[in-house]
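Take a look at the fold below. Then follow the text from the whole chain down to single residues.

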Amino acid sequence: MKTMIILFLALGTFMISCKEEKKTEATPVENNQMKEVMAIHDEVMPKMGKVGKLVGQLKPMVDTTSQGKEYAKAMRDLQAANESMMKWMQDFGDQFDSDEIMNGKELTDQKKLLLNVEEENIKAVKKQIETSISNAEALLKD
């Protein structure tokens, strides 16, 4: 009888330890936040071609006149926006792996905080890109 109780306890302990759940999917809130961050990136990324095109249009117009200096500033703003996007993508890729980005893998508490920061960063990059494009297009219309 004593052996039976020990065997039963051992089996129960084994079953409990095997039942340990490993949570691999993010909660809906974090998953939605990651999707939102990626949606902002995906919205802005196609505009990078326009950034390059505008730089190409502005470059030959840069000279030492006051108008030429405005073109130079607009070109620098576009280049800075492009660099900001490239830096954001590099930093984001360094901080999150593909399972976290694409498959909803659960984030650690530290990564949840990083995602909050990166969401603000990509919003700032988006604004910088849109502003630089708008300013360059307005300048080229004159």
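This predicted model has six helices and zero strands. From the N terminus on, the order is α-α-α-α-α-α. Buried residues make up 28% of the 142 residues. The accessible surface comes to about 9800 Å². Carbon and sulfur atoms account for 59% of that surface.

In soluble globular proteins, nonpolar side chains tend to be buried together. Here, the largest nonpolar core has 28 residues. Helices α2, α3, α4 and α6 each supply at least two residues of this core. The largest share, eight residues, comes from α4. The residues with the most contacts inside the core are M34, L78, F92 and I129.

**Two residues and their partners**

| Residue | Residues in contact |
|---|---|
| F92 | M34, V37, M38, I101, L115 and E118 |
| S132 | D77, L78 and A81 |

**A closer look at S132**

S132 sits in helix α6, which covers residues 109–141. Is S132 buried or exposed? Its relative accessibility is 4%, so S132 counts as buried. The cut-off for buried is under 20%. The side chain of S132 also reaches the backbone oxygen of I129, at 3.0 Å. I129 is itself one of the core residues with the most contacts. L78, a contact of S132, is another of them.

Notes
Residues numbered from 1 in each chain as written. Predicted model: local features only at pLDDT ≥ 70, side-chain atom pairs only at ≥ 80, totals over all residues. Heavy atoms only, no water. Helix = DSSP H or I, 4+ residues; strand = E, 2+ residues; numbered from the N terminus. Buried < 20%, exposed > 50% of the residue type's maximum accessible area, 1.4 Å probe, protein only. Polar contact = N/O pair within 3.5 Å; in protein donor to acceptor, adjacent residues only side chain to side chain. Contact = heavy atoms within 4.5 Å. Core = buried A, V, L, I, M, F, W, Y, C linked by side-chain atoms within 4.5 Å. Areas by Shrake-Rupley, 256 points an atom, 1.4 Å probe, with all protein chains shown as cover. Lists of a residue's contacts leave out its neighbours within four places in sequence.
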